[in-house]
Each structure stands twice: as C-alpha cells, then as structure tokens.
Amino acid sequence: NFCNEKLQQFFNHHMFVLEQEEYMKEGIDWAMVDFGMDLQNCIDMFERPMGVLSILEEESLFPKATDKTFEEKLKANHLGKSPTFQKPKPGGPDKDAHFAVVHYAGTVNYNLTSWLEKNKDPLNDSVVEIMKTSSNATLPIVFKDLAGHSQEESEPGKKKKGGGKTVSSFYKEQL
C-alpha cells in the first residue's frame with residue numbers, strides 16, 4: 001500500500017500539477033485547479049524518521065521488542081499526530097486490527113501481529129544466488145547489492161552472514 005501511495009503521488013504530480021504548469025508556460029488560457037490529491041502526509045508517515053518503516057526497523061533489531069511494544073511505539077508517535085494514522089473503526093471488518101491508515105484509495109485496517117518476526121525473515125542464500133545468476137535481465141540487477149549473499153565473497157569453511165538487513169530496509173532501499 002505504501003508503494004501504491006508513492007506511485008499515485010508521482011502520477012498525480014505529473015498528470016495534474018506539471019501538466020497545468022505546462023499549460024501556463026504555453027500561454028493556454030487556464031485557471032489552476034487544486035485537485036486535492038496531495039498524498040505527502042501518508043508518505044511521510046511511512047518514510048520520515050520515527051515513521052512506520054523506521055519504527056518497524058528499530059523494533060525488529062531490538063531483541064526484547066514485541067508486537068505490543070511495536071504497537072505502542074506506533075501509536076505514541078502517530079495517533080493524533082499523523083492525520084493518516086487512525087484507530088480502527090469499531091465493528092469494522094477486521095476485528096483484530098491494531099490501527100488504520102487513510103490511503104489514497106481508502107482507509108485500510110492493519111493487524112501487526114508477527115510484523116517484527118516477518119521483518120527479520122532473511123532471504124534464503126540459495127534463492128538469492130539463483131536470482132543473481134538468473135537469465136532474466138532484471139533479477140541480477142535487483143539482487144546484485146544484497147550484502148552477504150555472494151558465494152564468491154565467502155571464505156571456505158566460514159559461514160556467510162546476512163549483513164543484518166531486514167525485509168523493510170531492503171524494500172525501502174529498492175523503492
């Protein structure tokens with residue numbers, strides 16, 4: 001959903017803002033229209049320091065963190081402070097939701113159970129190696145900089161390390 005938010009913001013900016021500016025440059029008789037589609041608040045809530053992704057990253061690396069401490073930290077930093085971060089609606093479709101995010105396409109409830117564990121889930125070295133040597137031209141590019149996942153880098157008899165990357169940090173780096 002975060003990726004979709006960024007793509008929608010990019011699309012809106014190019015289709016509505018830049019096009020209108022082009023009309024003005026070309027002298028086309030045009031009254032600027034505010035389409036009210038600024039998604040930056042939601043994007044910032046995810047990306048900024050102490051945003052959802054950085055809190056997920058921090059809590060994932062803290063050994064005593066739990067789903068509850070993650071939830072509490074999110075709410076302490078965003079509930080009532082970020083307009084796009086809300087309590088889930090009582091009686092909504094997801095009875096176990098911990099929070100809701102107002103996205104461009106609508107409000108989505110999130111259940112954060114096991115997010116920390118899933119975020120620590122390392123990619124299997126064999127899978128990464130297959131992706132790095134794939135005949136598909138895109139896959140080796142996407143996986144080339146994945147630290148600690150190269151057979152030629154490892155010394156014989158030494159166990160390879162994953163470089164401490166979490167799923168969220170790898171995703172954010174790619175995005």
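Start by selecting Glu59: its relative accessibility is 6%, so Glu59 counts as buried (under 20% relative accessible area, with exposed over 50% and partly exposed in between, using a 1.4 Å probe and protein chains only). A quick note before moving on: this is a predicted model, where local features need pLDDT of at least 70, side-chain atom pairs count only at pLDDT 80 or more, and totals for chains, interfaces and linings use all residues. Residues are numbered from 1 along each chain as its sequence is written, and side-chain values use heavy atoms, leaving out hydrogens and water.

Still on Glu59, show the cartoon: Glu59 sits in helix α3, residues 52–61. Helices here are DSSP runs of H or I with at least four residues, strands are E runs of at least two, and numbering goes from the N terminus.

Next, bring up what Glu59 touches (heavy atoms within 4.5 Å). Leaving aside residues up to four places away in sequence, you'll find Ala65, Thr66, Thr69, Phe70, Lys73 and Leu116.

Now hop over to Trp30, in the loop between α1 (2–25) and α2 (40–47). Is Trp30 buried or partly exposed? Trp30 counts as partly exposed, because its relative accessibility is 32%.

Finally, zoom out to the whole chain. You can count eight helices and three strands, running α-α-α-α-β-β-β-α-α-α-α from the N terminus on. Of the 175 residues in the chain, 27% are buried.
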